[in-house]
Amino acid sequence: MGNIDPAFVQSTEHRPKSKVVEVNEIPVIDLSESRDESLVVSEIGKACEKWGFFQVINHGIPSELGKEVEIEAKKFFGRDLEEKRKVRRDEFNAMGYHDGEHTKNVRDWKEVFDYLVEDNAQVPSSYEPHDKDLRTLTNQWPQHSVDFRETMEEYSREVEKLAHRLLGLILSSLGLAADKFHGCFKNQLSMVRLNYYPPCPFPDLALGVGRHKDSSALTVLAQDDVGGLQVKRKSDGEWIPVKPCPDAFIINVGDIVQVWSNDKYESVEHRVVVNTTKERFSVPFFFFPAHHVTVKPCEELVNEQNPARFREYNYGKFFANRNRSDFKKRDVENIQIQHFRILD
Ligand code: OGA
Ligand code: NI
């Protein structure tokens with residue numbers, strides 16, 4: 001057993017506590033089309049308010065497709081580093097392969113492959129507010145396999161439909177029109193991330209992903225049966241494991257829904273603990289709007305008693321800021337919706 005690279009060592013605050021609560025409290029919601037829609041809406045509303053996380057079953061996405069994604073992803077991550085690095089992300093293109101994000105000087109114990117749901121997306125050239133230039137983000141596909149690309153493209157098309165449906169249900173639960181933000185996702189920046197977490201011999205020193213919130217509207221996550229995702233319970237701040245449930249997707253409220261809902265539904269912190277013996281795969285779909293979208297609390301939810309709690313922000317600039325290259329990002333804090341907060 002070698003020594004751990006100091007870049008992976010998490011601060012004490014980030015380290016998993018040995019006390020782990022072994023219960024599955026995260027609500028599981030049945031999305032069968034035959035169910036009464038108002039019941040589904042009310043279950044989703046309650047889950048968003050209490051947890052910011054829920055799982056969905058009978059969502060209509062065939063489990064074979066999920067399995068194909070896992071097979072292709074395993075083949076990809078099993079290739080030589082040299083092969084994988086041919087599609088490596090760099091300062092100019094945030095899509096492709098990389099090994100671990102830097103969060104505050106600490107690296108996550110994982111490898112990643114990112115691709116856009118709508119290829120050739122327009123994004124701001126820089127995160128500087130006055131710079132109006134745009135550039136194109138392009139997917140980088142491995143040359144060795146047509147199947148990889150076809151499987152991933154089919155998967156993202158399917159999950160996109162589910163993401164639209166879920167957002168509609170969430171908006172309905174807030175008393176808003178289900179299609180209110182549909183147009184914001186034309187030319188979307190949504191992306192799918194293939195996460196590969198190798199076994200880690202230092203479970204007390206490293207995390208698969210350090211604590212964070214997703215900057216998406218919502219995230220649709222597929223995970224295998226290994227487990228490791230933990231959610232910070234709103235009532236007491238305890239880390240609660242999300243128990244793998246076959247064929248279910250894990251849904252979480254992201255920062256954009258928090259702002260749209262004016263804090264009614266919070267984007268909740270989560271993290272991934274490592275496993276000493278097993279490798280783990282997970283596949284989040286981050287539902288991001290187009291670059292020109294202005295994110296702000298919904299007017300329908302704001303009044304004198306409940307004034308807007310956030311200033312508006314441009315999503316493209318937020319995205320550009322978050323996607324600065326790892327190198328530049330090492331010592332700066334990620335931009336957060338907190339930076340646009342007016343009221344606590
Ligand atoms: C993420 C994330 C969870 C997981 O990539 O943002 O929270 O289980 N992943 O991999
Ligand atoms: Ni996340």
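Strand β16 gives the most to the shell around ligand 1, contributing four residues. The structure is a predicted model.

**Shell around ligand 1**

- The residues surrounding ligand 1 are Asn195, Tyr197, His212, Asp214, Leu221, Leu229, His270, Val272, Arg280, Ser282, Pro284 and Phe286.
- Sorted by class, six residues of this shell are nonpolar, four are polar and two are charged.
- At least two shell residues come from each of the strands β9 (191–197), β15 (270–273) and β16 (280–287).

- The side chain of Ser282 places a polar atom 2.5 Å from an oxygen atom of ligand 1.
- For Tyr197, an N or O atom of the side chain is 2.7 Å from an oxygen atom of ligand 1.
- Asp214 has a polar side-chain atom at 3.3 Å from an oxygen atom of ligand 1.
- Ligand 1 taken alone exposes 290 Å², and the protein buries 96% of that area.

**Nickel site (ligand 2)**

- Three residues coordinate the nickel ion, namely His212 through NE2, Asp214 through OD and His270 through NE2, at 2.1 to 2.2 Å.
- The spacing of these donor residues along the sequence is H-x1-D-x55-H.
- Distant parts of the chain are linked by the two histidines, since His212 belongs to strand β10 (residues 207–212) and His270 to strand β15, 58 residues apart.
- His270 has a relative accessibility of 6% and therefore counts as buried, the limit for that class being under 20%.
- His212, with a relative accessible area of 23%, is partly exposed.
- His212, Asp214 and His270, the donors to the nickel ion, are also among the residues that surround ligand 1.

**Annotated domain**

- UniProt, in an unreviewed entry, lists residues 180–289 as "domain: Fe2OG dioxygenase".
- In the model, this span of residues 180–289 is 5% helix and 39% strand, and its end C-alpha atoms lie 13 Å apart.

- Gln223 is located in strand β11 (residues 218–223).
- The relative accessibility of Gln223 is 16%, so this residue counts as buried.
- Although 57 residues separate Gln223 from Arg280 in sequence, their C-alpha atoms are 8.1 Å apart in space.
- Arg280 is itself one of the residues surrounding ligand 1.

Key
Residues are numbered from 1 along each chain as its sequence is written. Chains are lettered from A and ligands numbered from 1 in the order in which they are written. This is a predicted model: local features need pLDDT of at least 70, side-chain atom pairs count only at pLDDT 80 or more; totals for chains, interfaces and linings use all residues. Side-chain values use heavy atoms; hydrogens and water are left out. A residue is near a molecule or strand if one of its heavy atoms lies within 4 Å of it. A polar contact is a pair of N or O atoms within 3.5 Å; within protein, one must be able to donate a hydrogen and the other to accept it, and residues adjacent in sequence count only if both atoms are side-chain atoms. Accessible areas come from the Shrake-Rupley method with a 1.4 Å probe; for residues, only the protein chains shown count as cover. Ala, Val, Leu, Ile, Met, Phe, Trp, Tyr, Cys and Pro count as nonpolar, Asp, Glu, Lys and Arg as charged, and the others, Gly among them, as polar. UniProt positions are given in the numbering used here, feature names are shortened, and annotations may be inferred rather than shown by experiment. Donors are N, O and S atoms within 2.8 Å of the metal (3.2 Å for Na, K and Ca); water is not among the atoms, so sites may look incomplete. Buried means under 20% relative accessible area, exposed over 50%, partly exposed in between (1.4 Å probe, protein chains only).
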